[in-house]
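Here are my notes for a colleague who is new to this structure. Please read the points below with the model open beside them.

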Amino acid sequence: MERYLQWNRQVSKWLWLVVIVGLVASLPLGIKRIQTERSTKNVELVFDYRDLLEASQYKPNPADYLNQQLTRLKNVGVGTMSVYEASLEELKYSRSIQVFTQNEYSAMTGKPIVPNENFTYLLFTSNAAREKLQPLIENVYRKRLNVEVRSWSYNNQNGLIITLPYEEANTKPLPPDPITLDKLHNQLGFQILARLSNRLQPFSAEEFESTLKTLSDYGVKRIVFDGVAVTGYDEEPEDSHVKEVAHLMVKYGMGTGAIERLKAPQRGFTVQFVDRLQGNAVRVFPLFDTEVNLKPDVIADKLVLAVKDRDIRLLFINTKSAKDTEKGFMNDYMDNIIESLEGPKGAVERIEGFGYKLGEAHAFVEYGKAIAWLKVFVLIGAVALIAITVGYFFPLLVTLLFAVGVVGVLGLYGLSASIALQAAAFGAAVCAPTWATLHAIRSIQAKAATNPRIGTAIVVFLRTTVMTFVGIAYVVALLSGLSYYLVLEQFRGVALLHLLPIVFVGLYVLLFNGETGIRGVVKRARTLLAMKISILWIVLAGVVLGGLWYYLSRTGNEGQASNVEKMFRALLEEKMGVRPRTKEFLFAHPLFIVGAYLLMRYRFAAFAFIGAVMGQLSLVDTFAHLHTPIYISALRVMYGVIVGIVVGLAAIGIWNLLARSWKRWSPSLLKE
């Protein structure tokens, strides 16, 4: 036991060196991530052509409307149109065919309704349409679905009879409309983004390749899958054709897009799928049709923030037609969208002002693969950081924990590198702000002075922030790679990151602060448990728990903000370019500075650090948003620190004013 205690004392000293080695190893990985983020600056604006086609159905001159809106979109920077798999309804909207139900057919031809027939009747509007579309339609219904298809004509128009009810026939996807492709690409000069689905089953590699070949002839370079799954996906692994899909896409030089803001990731869109595409994937920000009625400046903000703050390179704009009962017309919201894109306050100029340019979106070039072996040193450094943090509570466990941790994390790394990296990143993210805050408490108490100094409080705050950056560097280095930029993998444990440092600092202040042995901790715990509880304590506990619940409810992407707070955030974004986090500069950082200032005189001020650690963990959480550019996260943190210091100084000034007033007036108040 004595020998272990000696080793433990020595190991505790050397662990600092291990942490520094891990920090040094993390720096090249962080630099490579910055290079990756800067490897492409093209932003592609894509508009949903199908939405525009549907909107044209409510206009007296559909063709003129389409041409007018396409020209407007091109003039404001939209260079790409999305084209989906066709359907009978879409071909009808395009005026390439006319479609009739059984009742409509009977009324048109004057023939009586046959009780045992419920078919779909279509007529081609021109010989050119028939030449291009008839083989396509017959191939899907007759050859692919084994549905009887007959020829018919009416008033010198040739057509087809599909022996399915119209509602069912219209659900069957057809290859993208070649007439639309020709118009958009060859005549109007738009790039084409294809939206292919997994609806036509069973999957046929031959037909899929034929579709890709046709799309390739129209210059298509990217497919964003439509629906809930990648084309070829099947829940049974032996029946899934995702590998073949990826192989064929590579063959024709096509990449894909990962859609943000979906309730669930598309099935089959995995890290392995992107690897088979040789990393040719970009993130897609969809402006949903439910958002086009927002004010133009709000839409512009959404598009700009997607590019600037989330490294998105493809902006996909939808629209819709809806009845405006107050004005008495069908609103297509196109004026709203155009206004959000054009002019000094529009998205296009603002995006270009941040150094981006409109053009074909390219996948990030992933740097750092050659030095990925450095992550092993960062892994070991993370274990050392965890052991040091535990040492503030249980010093005897440091050596044992470090030894077991190193063996465990390296073994896990051999079995699953992804799980090992995410586990180590989570441990470093939790322990760095905890360790830095506990070190601040100890260092202040070790040099407690009679007269608190503001400068000392600021220095302690800045030093603590620098120490927290060790955890930030570890998270950035461990979780770097294309799968994280595409959010196929991400930092796990955001809710626990926001909670555990608060819990650990709270336990330290309540039980461990000033104690040198486990007996003292146990004695203090017994004393706390045996204390009489007053109503005031219950009220205070309720307030604390309520505040903690509110704080946790605001974490992550699901947190909701009031309208007033949204306006305040928008103002900060407009004035500062990058918005610092409100909880940092208005609460946690000032509380840390005030707590450090008061702890030099009052022992009870250590309780302030239970709340103040929120600011430190928030710094780590900012960089744990792995899809946000590092320089944006750095600016956000820097602004928060600077403004937090200013607010903290103001808070100290108010405290001193109140303290002097209390000293001056309290004797007379107490006498009364």
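1. A residue is called buried when its relative accessible area is under 20%, exposed when it is over 50%, and partly exposed in between, with a 1.4 Å probe and protein chains only. Gln-69 has 4% relative accessibility and therefore counts as buried; Gln-69 sits in helix α3, residues 62-75. Leaving aside residues up to four places away in sequence, Gln-69 touches Leu-52 and Met-334, where a contact means heavy atoms within 4.5 Å.

2. This is a predicted model, in which local features need pLDDT of at least 70 and side-chain atom pairs count only at pLDDT 80 or more, while totals for chains, interfaces and linings use all residues. Residues are numbered from 1 along each chain as its sequence is written, and side-chain values use heavy atoms, with hydrogens and water left out.

3. As for the whole protein, 48% of its 672 residues count as buried, and the C-alpha trace spans about 105 × 65 × 50 Å along its principal axes. The secondary structure comes to 26 helices and 14 strands, taken as DSSP runs (H or I of at least four residues for helices, E of at least two for strands) and numbered from the N terminus. Among contacts between residues at least 6 apart in sequence, 78% join residues at least 24 apart.

4. The largest nonpolar core has 83 residues, and those with the most contacts inside it include Leu-385, Leu-479 and Phe-609; such a core is a set of buried Ala, Val, Leu, Ile, Met, Phe, Trp, Tyr and Cys residues joined through side-chain atoms within 4.5 Å. Helix α17, residues 417-446, gives the largest share of this core, with 14 residues. A second, separate core of 69 residues includes Leu-66, Ile-192, Val-242 and Leu-277.

5. Helix α20, residues 494-512, has 19 residues and reaches 26 Å from its first C-alpha to its last, close to the 27 Å expected, a span defined as 1.5 Å times one less than the number of residues. Among the buried residues of α20 are Leu-497, Pro-501, Val-505 and Phe-512. Just after α20, Gly-514 takes a positive phi of about 90°.

6. Is Val-21 buried or partly exposed? Val-21, which is found in helix α1, has 39% relative accessibility and so counts as partly exposed.
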